[in-house]
Amino acid sequence: MSDSLSALLQAAADRRSDLVSRLIAEDTNTYRLFHGSVEGVAGLTVDRYGDLLLVQSFHQSLEDAELDEIRSFYAGLLPELQLVYNDRSGKNSRINNTLSLAEQAVAEENRVAHELGIRYHIRGRHSGQDPWLFLDLRAGRRRVMQLAEGKSVLNLFAYTCGVGLAAAKGGAQFVLNVDFAESSLAVGRANAKLNSLATRPRCVQSDAFAALRQLSGIGQPKMVRGKKMPPFPALETRQFDLVFLDPPRYAKSPFGVVDLINDYQALFKPALLCTAEGGILICCNNVAQVDGNAWLESLKRSAEKAGRTIHEVEWITPEQDFPSADGQHPLKIVLLHV
């Protein structure tokens, strides 16, 4: 196993040589070093976040010898990085391995990583489970940065506001980040302070359904079927030049159900109504078993029912550090000119 694992890690490094050179030239030091599902060890990922080497296993725990092999390999290739291992092979992909006090200190250290000239706060471990920046979404952030100049931008399910930061860096004149988790938005605000931005993004803690219904003009009542809804911030109806929709696979709240397999349209319609005529709506679906073309057709039907026309479609493909054996990436990003 050791020899083959080293060989796989080296092959992945060789394949990324040109990409990494380009990324470094763009002031980027965050990228995936090893994408195990395609590169030979299912469930294993190795990511660089600045000076952090984040190793995660999702299908089964790494043996000590395997982790030592990974540590030794990257100590030779990238000796400046500090390794943190998160075993997420248990229920709901939660981190379940205990670290020594010294390892925990490394994992919880505050760091700053760069992507496309933007600085981001990073920690190997924090109160949540996922890293504070999803690297496969870099292609989406890059496209937003290219398109944002002079535009108003709505970033839904903003998490730590990476898309909103990319928009502000690209010259957007107004950016609104919406997320239910104040802890994520707090990181987003801290990220904004790290950067020199002409426009300071605004953050609103809200259920996405409540925000979308208000912004789109549908309206969010405080009572539904005789039941009082949880408090939510009041927002005025507004359309945006660019809307970015990146929901989780499944989530349920009193305001609605997010279900990317069975009912993406529940979010798509109000997001579309928030998009100005002649504007851009970028939609993400991270469920591997969802067929991209079938999903796009469902979006077109939903747009037609809403009385809106999709004039042009552009697929945004994850970059080369997220390879796909068949070209069908689990993360699907489609840009719609509406």
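## Helix α11: span and ends

Helices (H or I, at least four residues) and strands (E, at least two) are DSSP runs, numbered from the N terminus. The model is a predicted one, in which local features need pLDDT of at least 70 and side-chain atom pairs count only at pLDDT 80 or more, while totals for chains, interfaces and linings use all residues. Residues are numbered from 1 along each chain as its sequence is written, and side-chain values use heavy atoms, with hydrogens and water left out.

At the N-terminal end, α11 is capped by D291, which has a side-chain oxygen 3.2 Å from the backbone nitrogen of N293. After the helix comes G307, with a positive phi near 80 degrees.

The buried residues of α11 (under 20% relative accessible area, where exposed is over 50% and partly exposed is in between, with a 1.4 Å probe and protein chains only) are G292, W295, L296, S298, L299, S302 and A303. They lie on the same side of α11 because they cover an arc of only 160 degrees around the axis, the arc being that of the directions from the helix axis to the C-beta atoms. N293, E304 and K305, on the other side, are exposed.

Elements that cover the buried residues include α10 (265-273), β15 (275-285), β16 (312-316) and β17 (332-337), where contact means heavy atoms within 4.5 Å. S298, which belongs to α11 (residues 292-305), counts as buried because its relative accessibility is 10%. Its C-alpha lies 7.8 Å from that of Q265, although S298 and Q265 are 33 residues apart in sequence.

## S57 in strand β3

S57 is part of strand β3 (residues 52-57) and counts as buried because its relative accessibility is 2%. Leaving aside residues up to four places away in sequence, S57 touches G43, L62, Y85, N86, D87, R88 and S89. With D87, the side chain of S57 also makes a polar contact of 3.3 Å; such a contact is a pair of N or O atoms within 3.5 Å, and within protein one must be able to donate a hydrogen and the other to accept it, residues adjacent in sequence counting only if both atoms are side-chain atoms.
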